[in-house]
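Open your viewer and get ready to click along. We will begin with the whole chain and then step inside.

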Amino acid sequence: MAVARLAAVAAWVPCRRWGWAAVPVGPHRGLSALLARIPQRAPRWLPACRQKTSLSFLNRPDLPNLAYKKLKGKSPGIIFIPGYLSYMNGTKALAIEEFCKSLGHACIRFDYSGVGSSDGNSEESTLGKWRKDVLSIIDDLADGPQILVGSSLGGWLMLHAAIARPEKVVALIGVATAADTLVTKFNQLPVELKKEVEMKGVWSMPSKYSEEGVYNVQYSFIKEAEYHCLLHSPIPVNCPIRLLHGMKDDIVPWHTSMQVADRVLSTDVDVILRKHSDHRMKEKADIQLLVYTIDDLIDKLSTIVN
C-alpha cells in the first residue's frame, strides 16, 4: 500500500529544484521525510485534470441547496474549501481531486451558497452562512475523518470548521490562509473611505485576480465577518496544520500564516513559504507542493492509526 502511494506521489514531482522553505513550529516528521523517500527517477509532469465526478446537490430544508462533487474512496477524505466567490472547478480543486483519485482517497469539492452552481444570492452571503455551508458538507456528505484544504478565505473557514468539528477534522492545509484579512484590510482604510463604503453598501476592493479589476464586497459581509475573527486570541485547534503561502502574495500577507501558526494550540504546525509565488498559488510547482503536503498528512495520520 505504501509503495503504491509512493509511486503515485512520485509521478507528480518535477526534476528540478523547489523554491520553498519549510518553517517547522513543532516536533514532528514533516515534508523532509517524504522528500527523502521519493524514488529518484525521471517523473512526468502534473497530468491534465479532467472532471469525472458528477454534479450533485445537497438539499437543506431551511438553507440554499449546495452544489458539490464527491469522489468516493478511503479515509481520511479530503474536502476542498474555496476562496472568496471562488468555484469548485478551480485549478487547485481539480488537481486535489485528481490526486485523491490516484491514491484511492475520498474527495469533496463544492460551491458556497450564492456561488457557482449552488442556490442562493451572492449579495446576501455572509461568512457565517458560508461557515454553515462547510459544516453541512462535513456533517451530511463526508464519511469518517477529514483533511480540510482551505484556500484564502477558505483557510479562515477551515479553522472555524476544525473548532466546531474536532472529532471529524483531523488535519488542516491552508493555502494563503486569509484569517481575519478582509476585516483587517477594511479597518486599515482611511476614515473617509470607510464612511463612503458604509453609505454605498459596497466596497470595491481592487484586485488583479478579478475580470472587472475589483471585488465588490458587500458592507454587510464585512460587518458580519467581524464576529468570526480569530487572531485576537488563542485558536482552539489541536490537529496537524500545514500553512502554504507565497511571499509575493499582494492580497493576504504571508505574515498572516505566521500569525495563525502562533495562535493555534496545535504543536504540529508547519508554515511553508514559496519565495516567488503569488496569492493564487496555482503554478505547477505550487500544486505539486500542495499534493506533497496532502500525501504527507495522509501518511502521518495512517501511521498514528496503525
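This tour goes from the overall fold to a cavity and then to a group of aromatic rings.

**Whole chain.** Keep in mind that this model is predicted. Switch to a cartoon view and look for 10 helices and 11 strands. Of the 306 residues, 54% count as buried. Next, think about contacts between residues at least 6 apart in sequence: 76% of them join residues at least 24 apart.

Rolling a probe the size of a water molecule over the atoms shows where empty space is left. Here there is 1 cavity of 30 Å³ or more, and the space in the largest cavity is about 30 Å³. Which residues line the largest cavity? Select Y84, L85, S122, S125, W130, Q218 and F221 to see them. This lining has 4 nonpolar residues, 3 polar ones and no charged ones.

**The rings.** The whole structure has 8 aromatic pairs. Keep Y84 and W130 on screen: their ring centres are 5.9 Å apart and their planes meet at 55 degrees, so this pair is tilted. Y84 sits in the loop between β4 and α3, while W130 belongs to helix α4, 46 residues away.

With W130, Y112 forms a stacked pair, 4.5 Å centre to centre with 10 degrees between the planes. Y112 lies in the loop between β5 and α4 and W130 in helix α4, so the pair ties together parts 18 residues apart in sequence. Are these two buried or exposed? Y112 is buried, with a relative accessible area of 0%, and W130 is buried with a value of 0% too.

For a last stop, select Y84, F110, Y112, W130, Y215 and F221, which form one aromatic cluster.

Conventions:
Residues are numbered from 1 along each chain as its sequence is written. This is a predicted model: local features need pLDDT of at least 70, side-chain atom pairs count only at pLDDT 80 or more; totals for chains, interfaces and linings use all residues. Side-chain values use heavy atoms; hydrogens and water are left out. Helices (H or I, at least four residues) and strands (E, at least two) are DSSP runs, numbered from the N terminus. Buried means under 20% relative accessible area, exposed over 50%, partly exposed in between (1.4 Å probe, protein chains only). Contact means heavy atoms within 4.5 Å. On a 1 Å grid over the protein atoms alone, a cavity is a set of points where a 1.4 Å probe fits but cannot get out, and a pocket is an open set with protein on both sides within 12 Å along at least five of seven lines; lining residues have an atom within 4 Å of a point. Grid points are joined across faces, edges and corners, and a volume is the space filled by probe spheres set on the points. Ala, Val, Leu, Ile, Met, Phe, Trp, Tyr, Cys and Pro count as nonpolar, Asp, Glu, Lys and Arg as charged, and the others, Gly among them, as polar. Rings of Phe, Tyr and Trp (its six-membered ring) pair if their centres lie within 6.5 Å; planes under 30 degrees apart count as stacked, over 60 as edge-to-face and the rest as tilted.
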